[in-house]
Amino acid sequence: MVSAEALGSAQLGEPGQPLVLTNGIALVGSELEHREFGMLRIVAGQIESFGPRGGATRTHSDDLILDLEGAFVVPGLIDSHVHFDLAGHPAAYEHYDASVLLRSLTCFHNGLAALRNGITSVRDLGSADHTVLDYASLVRRDLLIGPRVIAAGRPITVSDGHFSQYARVANGPSDVRDAVREQIAAGARVIKLMATGGISTSGNPESIQLTPEELAAAVTEAHQAGLQVAAHAHTHAGVVAALSAGVDSIEHAAFGDDATFEVMASHHATLVPTVSALNNVLPGRGIPAETVRKSLEAREPYLQSVRKAVSAGVHIAAGTDAGTALNPIGGLVDELAMYCDAGMTALQALATATTGASGLIGGRAGIIEPGRPADLMVVAGDPSADVTALRRPLHVVRRGRVIDLAWADRTMSELSRALVG
Ligand SMILES: [Zn+2]
């Protein structure tokens with residue numbers, strides 16, 4: 001096993017060594033307020049304290065010190081919708097027919113790609129088996145280097161429903177309840193339901209799939225275990241059915257209208273749009289023809305849908321659906337830029353990938369405050385003024401340790417060669 005310990009060169013400094021960032025500007029608290037600091041001390045993977053600029057610096061001889069020279073520190077980004085054992089191939093889901101070994105390496109590769117791009121937490125919303133759950137467990141126990149992964153295990157769908165070729169097919173409330181329990185028993189930290197058809201699979205994205213009774217059974221079971229529920233839904237009827245059952249987040253809503261987002265806003269549910277997932281879906285790139293046709297038809301309504309959600313004041317968390325066709329892990333900033341095009345300020349868009357997504361991953365990471373996890377990203381420009389400043393991280397800190405980004409690049413290119421075979 002490739003442990004963080006064995007890969008000493010993957011991170012700067014020694015395990016357990018306190019880290020001190022000096023002379024920077026942090027975007028702190030749930031409002032991402034600017035705070036200039038002389039020092040930001042990190043101990044045992046947590047933010048310990050801030051010291052003012054020009055103030056006394058209580059560094060210790062064994063601290064690792066990194067001078068930021070006026071750069072900005074933001075919470076490590078959260079991608080609230082990924083598929084970590086997919087590789088973004090044109091026929092993306094065929095990767096589920098690859099061996100567990102190859103998909104495990106894909107997880108490791110995607111973990112590095114995420115960190116490389118400042119993404120320190122992800123929600124994995126569905127795989128063909130429990131590979132991603134095992135990967136998430138290894139990272140959680142600090143046996144493997146990677147971002148925090150809140151994984152759903154297998155998504156739950158009806159016979160012939162969206163993703164049914166690979167999902168846990170369940171019919172009737174009792175079977176759906178069993179399916180939820182199976183994912184929880186396997187280590188899931190979130191439950192994924194398919195409420196309507198999809199764009200990337202065959203069938204009609206507007207069809208209603210899980211019934212109100214089935215949705216309610218799943219939500220009751222998940223909530224009893226303290227897990228949130230994410231529902232894939234594209235249309236007004238699908239979104240409203242999922243919200244009525246009490247789901248916590250709606251994924252996509254490509255064909256939502258004004259009424260849809262009024263209902264969403266009143267339920268205080270979170271929308272994860274993943275609108276950038278279709279950016280590279282074009283003819284002539286090896287993507288299945290039906291996926292291309294449905295994606296091209298959906299693109300304009302999808303953009304309009306995000307615009308309506310923003311103007312209705314729906315709570316939005318950023319997600320990319322990374323892993324799907326020509327949509328590799330790491331493209332989160334493109335998604336944020338599209339939210340800005342849809343009417344958000346840069347600060348609002350930044351919040352969708354940090355403070356505003358914190359609740360989806362357990363509420364501790366995603367906010368910079370003493371006592372919280374030291375998962376951070378350092379960038380040269382101010383991303384609350386222009387989100388594209390997030391494209392070029394100078395440093396990425398995960399669990400209080402600075403990732404060696406050159407090491408990450410080298411390792412990813414080695415892994416890519418193995419994965420392409
Ligand atoms: Zn997805």
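Q: In which loop does L32 lie?
A: Strands are DSSP runs of E with at least two residues, and helices are runs of H or I with at least four, both numbered from the N terminus. In this predicted model, L32 lies in the loop between β1 (19-28) and β2 (33-43). Residues are numbered from 1 along each chain as its sequence is written. Because the model is predicted, local features need pLDDT of at least 70 and side-chain atom pairs count only at pLDDT 80 or more, while totals for chains, interfaces and linings use all residues.

Q: Is L32 buried or exposed?
A: A residue is buried if 20 or more other C-beta atoms, placed from the backbone, lie within 10 Å of its own, exposed if 12 or fewer, and partly exposed in between. L32 has 22 other C-beta atoms within 10 Å and is therefore buried. Its phi is near 55 degrees, a positive value in a residue other than glycine.

Q: Where is E69 placed, and is E69 buried or exposed?
A: E69 is in the loop between β4 (64-67) and β5. E69 counts as exposed because it has 10 C-beta neighbours inside 10 Å. The phi of E69, near 50 degrees, is a positive value in a residue other than glycine.

Q: How do helices α3 and α4 pack?
A: Axes are lines fitted to C-alpha atoms, for helices over the stretch in contact, and angles run from 0 to 180 degrees between N-to-C directions. Helix α3 (residues 173-185) and helix α4 (residues 212-224) pack at an angle of about 35 degrees, and their axes are 8 Å apart.

Q: Which residues of α3 and α4 meet?
A: Two residues are in contact if their C-beta atoms, placed from the backbone, lie within 7 Å. From α3, P173, V176, R177, V180 and R181 meet E213, E214, A217, A218, E221 and A222 of α4.

Q: What does A222 touch?
A: Not counting residues up to four places away in sequence, A222 touches V180, I191, L227 and V229. A222 counts as buried because it has 26 C-beta neighbours inside 10 Å.

Q: What is the mean pLDDT of the chain?
A: pLDDT is the predictor's confidence in each residue, from 0 to 100. The mean for the chain is 94, and 97% of its residues reach 70 or more. Over residues 1-5, however, the pLDDT is below 50. Where pLDDT is low, the predicted coordinates should not be read in detail.
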